[in-house]
Amino acid sequence: MNVSLDWLRQYCSIDVPRAELLEKLSTIGLNVEDAVEKNGDLIIELEVTSNRGDCMSHIGVAREIAAAFGGEFNIPAVDCPVSKEKAQDTTSVEILDADLCPRYTARVIRGVKVGSSPDWLQKRIKSMGRSPVNNIVDITNFVMLECGQPLHAFDLAKLDGGRIVVRRAKKGEKITALDATQCDLAENMLVIADAVKPAAIAGVIGGADSEVSASTVDILLESAAFNPVSVRRTARAFKLESDASTRFGRGTAWDGVDWASRRVAALIVEIAGGELLDGVVDVQKIQYEPARVALRFARIPVILGIDVPASDAVRILKALGFEPVAQDDKRVEVLVPSYRSRDVCREIDLIEEVARHYGYDKIDIERPIPVAITQPRKRDIVQDVIEPALVARGFCETLTVPFVDKSPVGIAAMWDCAEPLEVRNPVNVNQSFMRRSMLPSLLAAAAHNENHGAHELKLFEVSNVYLPRGGKQLPEEKNVVAILAEGGFAEIKGVVEALFVDLNVNQDIRFELAEFIGLDADCTAAVLCGEKRIGVVGMISQDAASHFGLRGKYGFAEIDFLSLVGLAGENPQHKPLPRYPAVERDLAVVMDDSVTWRAVEQAVFAAKAPNLRSVEFVDLYKGKQLDKGKKSLAFRLIYRSDDATLTGEEVAAAQKKVIESLEKNVNAILRK
Amino acid sequence: MKERIQNILDEAKKALAAAANSEALEGIRIKYLGRKGVFKEIMSGMGKLAPDARKEIGAQANRVKNEIERLLNEKATSDAPVPAAKKTAHDVTLPGRKYPVGSRHPIKIVANDLKRIFHQLGFTWIEGPEVEDPWHNFDALNIPAEHVARDESDNFYFSDEQILRSQTSSLQIRYMENNKPPIRIIAPGRVYRPDTVDATHHYFFHQVELLMVDKGLTLVDLKNIITLFAHGIYGPEIKVRIRPSYFPFTEPSAETDFSCVFCGGRGCSVCKQTGWIELGGCGMVDPNVLHNVGIDSEEYTGFAFGFGIDRLAMFKYGINDIRLLTENDVRFLKQF
Ligand SMILES: [Zn+2]
């Protein structure tokens with residue numbers, strides 16, 4: 001909102017230096033964005049918060065200035081001679097949709113002479129960066145900028161039946177707006193119609209047909225109150241956000257409707273001649289009563305933490321237009337002026353008004369805050385382990401936007417859930433869904449980096465995937481650890497396994513072949529703990545790679561973060577170090593290619609070989625030296641006793657049991 | 001294979017016997033033990049062998065290699081006088097072994113800074129859903145149906161019942177619904193608002209919401225907490241000011257400014273010559289909000305403070321384009 005300093009002086013006296021005025025405006029909540037000297041005037045750009053429709057006008061800002069400096073504040077008197085003819089006998093107003101229009105007033109001025117505005121009026125209009133149009137339009141704009149109430153002048157002769165019907169548009173109705181925009185009206189939009197057709201889009205813009213032109217003689221002057229949401233919605237639908245729609249969109253003052261109408265009528269008669277018909281057609285669909293609100297002086301320090309003398313509080317409220325109707329030493333009761341009816345209705349709102357003008361800068365006392373102790377939660381501790389560990393292993397932490405496209409890999413899911421959430425108003429069509437996996441997000445990041453020549457990419461992010469539960473329930477937002485690494489399956493699996501070590505996980509974690517969209521069906525595993533799936537590790541599928549135009553080979557993992565938190569071993573307990581040395585024995589066995597390493601491990605332990613502590617994979621061989629469909633596995637067995645150094649015979653006997661078990665359980669043949 | 005290795009030993013012995021000077025000895029050393037020597041070749045061919053054959057041949061090769069080494073040393077010391085070879089020092093300017101080095105995201109680094117500071121002040125860190133219902137994102141926060149903040153131009157809607165949260169204040173409601181005062185929480189989170197993307201605006205950004213509810217809390221305490229926070233993050237010389245503003249869920253409401261960290265408040269291009277940098281919004285929790293979560297506003301008061309993390313990170317690292325934060329270019333990420 002721009003205001004002119006020169007214009008403001010019409011309503012209040014300003015006798016402080018400009019810098020002090022600007023500083024003051026900011027400190028009472030009218031933040032000064034800019035102030036520019038123009039033709040000897042100062043144009044001040046104010047940031048007006050959405051609750052302060054009243055400050056979308058010079059009078060509103062002047063009232064604040066007068067309250068802040070304690071100066072005079074005057075609103076121009078409106079006085080205009082009227083003709084014998086009565087407005088009621090000339091026109092009528094019918095409100096069919098009272099929910100969107102609680103009040104509509106019409107005044108009629110006959111015999112005007114449309115022409116250009118006088119200099120003083122043109123100067124005001126130009127100072128606000130607008131172009132003068134003609135005297136009638138300029139006057140309505142001037143009064144809107146003066147008091148915040150938008151008004152519209154119709155050419156009465158162009159209104160069928162010479163009357164006004166306020167109603168929702170009918171199906172298929174159209175209107176050409178003043179600026180020549182063709183508008184197909186929707187049935188939820190409010191229009192100002194005559195007896196036959198829409199003549200204006202309520203609160204947004206007038207129609208070209210009934211526009212005031214050089215040939216206009218009689219004017220019907222509208223001043224009304226409209227539903228703010230309806231005006232905002234309609235203005236946006238046609239991209240016709242205007243001075244009027246932004247003011248109606250914030251809500252206008254009930255009492256301003258009639259004052260503004262009289263003000264415009266008087267100026268028209270003064271500037272453009274003609275006669276104002278007697279009276280006004282004023283249809284009110286609600287009974288407006290000013291709110292009566294009490295302020296207990298004792299509540300002021302309870303909220304603000306400082307004392308404000310009761311006399312100061314009452315002085316501030318009065319200056320802002322709140323009229324005291326009852327007062328004693330404990331409280332004051334005030335009537336809320338209609339220009340503040342939308343944002344002041346409670347005691348706390350009055351306290352804010354007092355604080356604003358008493359000065360937030362006085363809220364400046366040092367007072368200690370009581371000490372409180374907090375303990376980090378386990379999830380914070382786990383996160384503080386995982387993230388630095390991945391960074392230390394060469395991974396870059398990404399921050400991806402969770403919107404994805406609707407391609408199969410875009411909406412791929414690693415978890416059971418319903419159809420993905422679709423954004424009704426997306427920023428663009430390729431970002432209209434909420435991801436159900438981090439896969440598309442990290443692949444997009446990888447693609448960006450490949451295109452900039454990066455290689456050996458290693459990315460990770462602990463973030464959310466959004467898993468709809470169907471119906472009206474909010475989705476599950478699963479926090480996952482997602483990892484993308486260029487390389488083979490062993491690389492990515494190794495990173496995941498290292499995390500389990502970092503977190504002192506001592507449950508059995510299994511990897512079982514599984515299929516997921518976006519991942520290679522022959523090289524992807526579900527990560528299981530007991531029967532619960534806690535994650536997925538796999539190689540990117542060819543389809544997914546080509547969707548993102550990726551050249552490299554990538555492994556991907558997505559692990560449920562809260563499962564990791566649950567599995568993380570807190571405070572691992574110390575075990576005594578071994579007193580006797582371990583003995584290592586290597587074995588190489590040949591078996592069917594389909595036998596998994598896990599089956600081999602199980603066969604080894606099924607032997608119940610005494611003192612066997614662990615088995616470690618060494619090597620896998622497939623190829624010419626073996627029959628087709630066979631593989632050779634080499635591994636190391638570690639034996640150790642807590643009671644003595646193991647003898648060669650003891651170990652040999654144990655090895656024999658292992659070999660027998662391997663032969664029996666997985667059909668393995670010892671490799672000679 | 002075994003035979004071949006035996007032959008190598010015999011051949012080497014002959015060559016040693018024939019060597020007349022240190023140059024000849026060095027030639028033998030290079031031929032058998034050098035980087036491209038005979039044993040290197042044998043070792044690299046071992047991968048083709050079956051595991052146990054590999055073990056056996058490996059052991060034999062090692063024995064022979066050690067033997068040749070021993071004989072070489074013997075000959076070198078006995079065949080005096082051989083002038084001591086001039087030893088060249090290791091080139092210590094060569095780079096060390098490259099270990100993988102990753103990076104933290106700047107937003108996460110700053111979020112962790114905040115976590116540390118607010119832990120010191122006794123605040124507990126909480127999370128909550130990003131996909132919200134209108135009750136938690138709007139109604140309970142005193143943003144009624146007709147309020148401009150609910151418009152589709154300011155919020156991402158999935159349906160009339162589900163939206164992406166447009167502020168972390170929704171977390172206040174979720175927490176207060178389930179916890180009674182005294183409350184001292186800090187809630188970081190991702191928030192979403194349709195906005196045209198440019199160097200300083202994005203539709204996806206990060207906020208932190210602080211909430212304290214107890215008996216006897218006032219605007220004075222709020223300002224003191226913010227001042228402590230400012231000192232924690234930028235040092236004790238930072239000043240804080242609050243000025244009136246409007247948020248539906250606080251009353252009175254305020255904007256918070258820090259004295260400019262770049263110019264010390266004297267005025268510079270970052271602070272547009274004002275000496276102050278706007279940090280975020282704050283205020284006393286609106287009585288309607290307390291009422292909506294069943295807290296008596298006559299008995300308890302509280303305050304909330306919300307601010308953006310993105311801007312803090314941009315200030316801290318001199319990042320001039322918010323888009324870099326979500327572009328995930330490793331050339332950018334590795335700078336932190
Ligand atoms: Zn500065």
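Me: What arrangement do the four donor atoms around the zinc ion make?
Reply: Tetrahedral, because they subtend angles of 102 to 115 degrees (the cut-off is all angles between 85 and 135 degrees). Bear in mind this is a predicted model, where local features need pLDDT of at least 70 and side-chain atom pairs 80 or more, while totals for chains, interfaces and linings use all residues. Residues count from 1 along each chain as written, chains are lettered from A and ligands numbered from 1 in written order, and side-chain values use heavy atoms, without hydrogens or water.

Me: Which protein donors hold it?
Reply: The SG atoms of B:Cys260, B:Cys263, B:Cys268 and B:Cys271, 2.2 to 2.3 Å from the zinc. A donor is an N, O or S within 2.8 Å of the metal, or 3.2 Å for Na, K and Ca.

Me: How are those donor residues spaced in sequence?
Reply: As C-x2-C-x4-C-x2-C. B:Cys260 and B:Cys271 both sit in the loop between β7 (250–259) and β8 (276–285) of chain B, so this pair ties together parts eleven residues apart in sequence. Strands are DSSP E runs of at least two residues, helices H or I runs of at least four, numbered from the N terminus.

Me: Are B:Cys260 and B:Cys271 buried or exposed?
Reply: Both are buried, meaning under 20% relative accessible area with a 1.4 Å probe, protein chains only.

Me: Switching to chain A, where does A:Glu353 lie?
Reply: In helix α12 of chain A. A:Glu353 is buried too, with a relative accessible area of 2%.

Me: What does A:Glu353 touch?
Reply: Leaving out residues up to four places away in sequence, A:Glu353 touches A:Ile316, A:Leu317, A:Leu320, A:Phe322, A:Arg340 and A:Val344. Contact means heavy atoms within 4.5 Å.

Technical notes:
Tetrahedral: all angles 85-135°; square planar, octahedral: opposite > 155°, others 65-115°. Buried < 20%, exposed > 50% of the residue type's maximum accessible area, 1.4 Å probe, protein only.
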